[in-house]
Protein chains: 2
Amino acid sequence: MLVLSSPSGAGKTTISRELLAQEPDITLSVSCTTRPKRPGEVSGRDYHFIALDDFDLMRNRQEFLEYAKVFGHYYGTPRAPVETALAQGRDVLFDIDWQGTQQVRQSARSDLVSVFILPPSADELARRLHRRASDPEDVVAARMAKASQEISHWAEYDYIVVNDEVAKSVAQVRAILHAERLRRERQIGLTEFVKRLDGEL
Amino acid sequence: MLVLSSPSGAGKTTISRELLAQEPDITLSVSCTTRPKRPGEVSGRDYHFIALDDFDLMRNRQEFLEYAKVFGHYYGTPRAPVETALAQGRDVLFDIDWQGTQQVRQSARSDLVSVFILPPSADELARRLHRRASDPEDVVAARMAKASQEISHWAEYDYIVVNDEVAKSVAQVRAILHAERLRRERQIGLTEFVKRLDGEL
């Protein structure tokens, strides 16, 4: 399980999309949300856009690995697709905030690698939030204020990527993914391979 | 400190050389040895070839981070160049065996990342050892026997690379290096960067 977190506007979603395009072996965990769809967003790709009633139903059935309320809307990670992908030996990418990360760390198996993405500067963060023209001004201001709170959780993450340039950040997240797959305890069948090798020597 | 270990013939030295060629920011720790130079080896690049008296002198002065006797010859890692490189903020690559790794882990600061390189098969290991024509037959046989002992320490390493193809293995070790540099606790100045960023928000 690979978690990417960052304040809004630090580039997490762009990095996630590029990563998925370049790494066919990873599955994105698509969150459910009760917030309205933004222009350009696709249901089932960016989010599952659902009604509040349906969200409550799923929450009551404990079908979320984590959920949270952010700016008046609910967000949740459905448990079933994650468990299916992991059972198939696939890596799963999570694009969630610090609260979600804490919940996933607690409710799921502990094999989680977490990456926090920082903006290169406060000015650049402001520019990126203003460029996202579909959000009204007060939402932009609220997101800037919330960025500070999100950033205060940076030290809970295994890796830190400062997103100066998207291509470089994507390469860095890919290096983390590739390296973590090479960790001894994660390589399935390695003990058997070494035993066989040793038997042949 | 990045340690590469493997049984003789698994490709560790080839991988180290390629890694150094592709990663200018890493310094190789060149070991001292009392064994004779092989054709093609360069003193100061592959090893510092020194006399037994000099080796004893350095050992008595505790100038080695680790040392061991292998097949009747001594090998040791001089402490001073490693400490100089680390003090300059440079990463240091160690091409040492499991005994050396254990000693370095104990005698040096604990910030060590270890990679064990496995041959893809016993047959391939035998082929590679025979190709190294400068070693007499009995040394080849002894190295095959020793490979089994070396491999028995695979589980003491953080990462495992099965060396099927050199270019792929080099890419894997580079991913490990790049990822480990992105670990939160290793990024110098990150706390100050986040403080400044947060102050500007």
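**Figure 1. Buried residues of helix α7(B) in the predicted model.** In this predicted model, the buried residues of α7(B) are Ser169(B), Val170(B), Gln172(B), Val173(B), Ala175(B), Ile176(B), Leu177(B) and Ala179(B). They pack against elements of both chains: α7 (166–181) of chain A on the one hand, and β1 (2–5), α1 (12–22), β8 (113–118) and β9 of chain B on the other. The helix α7(B) is 16 residues long. From first C-alpha to last it reaches 23 Å, close to the 22 Å expected at 1.5 Å a residue.

**Figure 2. Surroundings of Ile176(B).** Ile176(B) is one of the buried residues of α7(B). With neighbours within four places in sequence left aside, Ile176(B) has contacts in chain A with Ala179(A) and Leu182(A). In chain B, the contacts of Ile176(B) are Val113(B), Val115(B) and Tyr159(B). The largest nonpolar core has 82 residues, and Ile176(B) is among those that touch the most other members. In soluble globular proteins, nonpolar side chains tend to be buried together.

**Figure 3. The contact between chain A and chain B.** On the side of chain B, 29 residues are in contact with 29 residues of chain A. Four elements of chain B each supply at least two residues of this side: α6 (137–151), β9 (159–162), α7 (166–181) and α8 (190–200). By class, the side of chain B that touches chain A holds 19 nonpolar, 5 polar and 5 charged residues. The copies meet through the same surface, because 100% of the interface residues of chain B are also interface residues in chain A.

**Figure 4. The rotation axis between the copies.** Two copies of a chain are related by a rotation about an axis and a shift along it. Here chain B is superposed on chain A by a rotation of 180° with 0.0 Å of shift along the axis, and the RMSD is 0.0 Å. This is the relation of a two-fold axis. Which residue of chain B comes closest to the rotation axis? Ala175(B) does, with its C-alpha at 2.3 Å. Ala175(B) is also among the buried residues of α7(B).

**Figure 5. Strand β9 of chain A and its partner β8(A).** Strand β9(A), residues 159–162, is covered on both faces. Tyr159(A) and Val161(A) lie on one side, Ile160(A) and Val162(A) on the other, and all are buried. Strand β8(A), residues 113–118, pairs with β9(A) in the parallel sense over 4 bridges. Opposite Ile160(A) of β9(A) stands Phe116(A).

**Figure 6. The open sheet of 4 strands in chain A.** The strand order is β4-β3-β6-β5, and the pairing is mixed. At the edges are β4 (48–49) and β5 (64–70) of chain A, each of which pairs on one side only. Strand β3(A), residues 32–33, runs parallel to β4(A), and 2 bridges join them. Within this pair, Thr33(A) has Phe49(A) as its bridge partner. The pairing of β3(A) with β6(A), residues 73–78, is antiparallel, over 2 bridges, and there Cys32(A) has Gly76(A) as its bridge partner.

**Figure 7. The hairpin of β5(A) and β6(A).** The strands β5(A) and β6(A) are antiparallel and pair over 6 bridges. In this pairing Ala68(A) stands opposite Tyr75(A). The hairpin has 2 residues between its strands, and Phe71(A) in the turn has a positive phi of about 50°.

**Figure 8. The open sheet in chain B.** In chain B, 4 strands form an open sheet in the order β4-β3-β6-β5, with mixed pairing. Its edge strands are β4 (48–49) and β5 (64–70) of chain B, and each pairs on one side only. Strand β3(B), residues 32–33, and strand β6(B), residues 73–78, run antiparallel and are joined by 2 bridges. Thr33(B) stands opposite Tyr75(B) of β6(B).

Figure 9. Val30(B) is in the loop between β2 (26–28) and β3 of chain B. It is partly exposed, with 16 other C-beta atoms within 10 Å. Neighbours within four places in sequence aside, Val30(B) is in contact with Gly44(B), Arg45(B), Tyr47(B) and His48(B). Val30(B) and Val82(B) are 52 residues apart along the chain, and their C-alpha atoms are separated by 9.3 Å. Met1(B), in the segment before β1 of chain B, is buried, with 20 other C-beta atoms within 10 Å. Met1(B) and Gly72(B) are 71 residues apart in sequence and, C-alpha to C-alpha, 28 Å apart in space.

Note on methods. Residues numbered from 1 in each chain as written. Chains lettered and ligands numbered in written order. Predicted model: local features only at pLDDT ≥ 70, side-chain atom pairs only at ≥ 80, totals over all residues. Contact = placed C-beta atoms within 7 Å. Nonpolar A, V, L, I, M, F, W, Y, C, P; charged D, E, K, R; others polar. Least-squares fit on C-alpha atoms with pLDDT ≥ 70 in both. Expected span 1.5 Å × (residues − 1). Buried ≥ 20, exposed ≤ 12 C-beta atoms within 10 Å, placed from the backbone. Pairing = 2+ DSSP bridges. Core = buried A, V, L, I, M, F, W, Y, C linked by C-beta atoms within 7 Å.
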